[in-house]
Amino acid sequence: MFGIVIAVIARDLRLALRRQADIVSALFFFVIVVSLFPLGIGPEPDLLRKLAPGVLWVAALLATMLSLPRLFADDHRDGTLEQLALAPHPLGLVVLGKVVAHWLVSGLPLALLAPVLGLQFDLSADALVVLTGSILLGTPALSGIGGIGAALTLGLRGGGVLLSLLVLPLYIPVLIFGAGAVDATVTGLGGQAHLSLLAALTCAALGFAPWAAAAALKIALE
Amino acid sequence: MNDRFNLYRFAAPAVFYPLAGRLVPWFAGLAAIFGLAGLALGMLVAPTDFQQGEGYRIIFIHVPASWMSMFIYLVMAFWAAIGLAFNTRLSGMMAQALAPTGALMAFLSLWTGALWGKPMWGAWWVWDARLTSELILLFLYIGYLALTAAIDDPRRADKAGGLLLLVGVVNVPIIYFSVKWWNTLHQGASVSLTRSPSMASVMLWGMLLMALCFWMYTIAVALLRVRTILLERERHTDWVKAELTGETR
């Protein structure tokens with residue numbers, strides 16, 4: 001049953017690697033947005049350390065949002081999506097594969113890049129570890145929930161802006177626990193509880209969101 | 001089948017349209033009566049609060065608006081579930097008809113909250129859990145309105161909007177609790193919205209009457225709106241043509 005998931009992941013990864021500019025531009029968007037904040041609010045290390053978790057996480061949300069409209073759009077345009085919907089496999093599993101592939105090319109690089117940017121904000125080593133961990137744990141949920149939004153706005157005019165209107169309010173819990181984990185580490189409370197909740201959100205999102213997104217795709221393809 | 005009164009008959013647009021038309025004046029009238037009674041109780045009879053003075057009286061708008069904003073979202077989600085499960089056309093129209101009023105209530109709740117907060121806490125806005133979740137509820141309404149407005153095909157708009165409502169209603173408790181924990185973890189005990197337990201019963205009655213007024217108003221407005229949506233969507237049918245040209249059938 002999970003053969004289809006693996007197949008979709010492999011296919012989407014291959015497609016993504018042939019268009020590396022998309023991945024790289026989302027990453028640089030992340031870097032630039034994060035670097036703008038010290039320029040806007042001033043270089044005091046204390047202030048930056050306090051703001052770092054929130055700034056990095058908000059930038060990560062926006063960077064994930066950036067690549068979401070393309071999650072289904074290309075397949076929709078050339079008709080692949082309809083063939084996938086006609087396939088004997090449940091559409092939810094296909095969507096799960098696409099969501100995982102999206103995370104591998106958007107969420108994972110963000111997590112790898114985040115500690116470097118965290119250094120600019122003078123975060124301690126502990127906080128950097130938790131920051132990387134929280135982004136690793138939280139971004140799959142972002143890809144999953146974002147998949148619903150991408151499916152709902154498939155083929156609509158103004159899809160990108162609309163997508164952010166739909167999805168950003170639903171991202172709030174992930175933002176709170178993700179940034180909260182780093183914040184709790186910085187203040188010495190320990191980020192364990194936040195990370196557990198973040199993992200719970202990710203499990204729930206990966207379990208349920210692909211099916212909701214599949215239902216939305218069926219509505220869009222009707 | 002049988003001749004008994006059949007509720008499902010009203011799911012047919014041609015039957016529901018005149019029924020809604022007959023119901024609107026009743027609900028509007030009830031809203032006016034409850035509203036007048038509630039305002040009279042709230043503004044004239046209810047005593048001045050010994051801590052907050054006269055300013056507390058905005059509660060008679062604020063609390064009912066907050067209640068309705070949450071309740072309307074649930075009702076919309078209910079209609080969305082019915083619409084997706086039974087594929088009924090009217091359900092999606094009901095959800096769409098309710099949405100602007102729900103957004104209005106959420107906005108009203110935030111606005112009156114700000115007006116109330118300034119004299120009482122000295123701030124237009126605090127990042128309290130309830131205020132924040134009300135704001136997010138407003139965002140959810142706006143997302144729904146934007147999505148349904150962006151889709152040209154009304155059937156797809158109904159279904160996509162319905163799905164969004166269901167996703168939203170699953171997320172609302174998650175969002176509420178995360179905001180609550182965020183709030184307690186971030187800033188400790190700031191301004192508490194929990195009121196003193198002893199609320200004069202006159203105030204409570206005034207508030208309940210105002211809540212009933214808002215409820216009836218919502219029904220009246222939603223029925224009016226659903227009638228316009230019905231006319232627009234069913235414009236190719238004979239009954240709408242008969243309705244608009246004033247012919248009797």
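User: What makes residues count as touching Leu135(B), and which ones do so beyond four places away in sequence?

Analyst: In this predicted model, Leu135(B) touches Leu110(B) and Trp125(B), leaving aside residues up to four places away in sequence. Leu135(B) itself lies in helix α4 of chain B. Leu135(B) and Leu110(B) are 25 residues apart in sequence, while their C-alpha atoms are 7.2 Å apart in space.

User: Why is the pair Asp152(B) and Arg157(A) called a salt bridge?

Analyst: The closest N and O atoms of Asp152(B) and Arg157(A) are 2.6 Å apart. The rule asks for a side-chain nitrogen of Lys or Arg within 4 Å of a carboxyl oxygen of Asp or Glu; the pair is therefore called a salt bridge. Across the interface of chain B and chain A, the rule finds 2 salt bridges. There are also 5 residue pairs in polar contact between these chains, counted with both residues at pLDDT 80 or more.

User: Which elements of chain B give two or more residues to the side that touches chain A?

Analyst: They are α4 (129–150) and α5 (154–187) of chain B. The largest share, 15 residues, comes from α5(B). This side of chain B divides into 18 nonpolar, 4 polar and 3 charged residues.

User: How is the size of the interface between chain B and chain A expressed?

Analyst: The size of an interface is often given as the accessible area lost when the parts come together. Between chain B and chain A, the buried area is about 2,200 Å², and carbon and sulfur atoms give 77% of it. In residues, 25 of chain B are in contact with 26 of chain A.

User: How do helix α3 and helix α8 of chain A cross, and what is the handedness?

Analyst: The axes of α3(A) (residues 45–67) and α8(A) (residues 159–186) come within 9 Å and cross at roughly 145 degrees. The crossing is right-handed. Among the residues making the contact are Trp57(A) and Leu61(A) of α3(A), and Leu168(A) and Tyr171(A) of α8(A). The contact residues divide into 13 nonpolar, 3 polar and 2 charged.

Conventions. Residues numbered from 1 in each chain as written. Chains lettered and ligands numbered in written order. Predicted model: local features only at pLDDT ≥ 70, side-chain atom pairs only at ≥ 80, totals over all residues. Heavy atoms only, no water. Axes fitted to C-alpha atoms, helices over the stretch in contact; angles between N-to-C directions. Helix = DSSP H or I, 4+ residues; strand = E, 2+ residues; numbered from the N terminus. Left-handed = near helix turned anticlockwise from the far one by under 90°. Contact = heavy atoms within 4.5 Å. Nonpolar A, V, L, I, M, F, W, Y, C, P; charged D, E, K, R; others polar. Buried area = accessible area lost by both parts, 1.4 Å probe. Polar contact = N/O pair within 3.5 Å; in protein donor to acceptor, adjacent residues only side chain to side chain.
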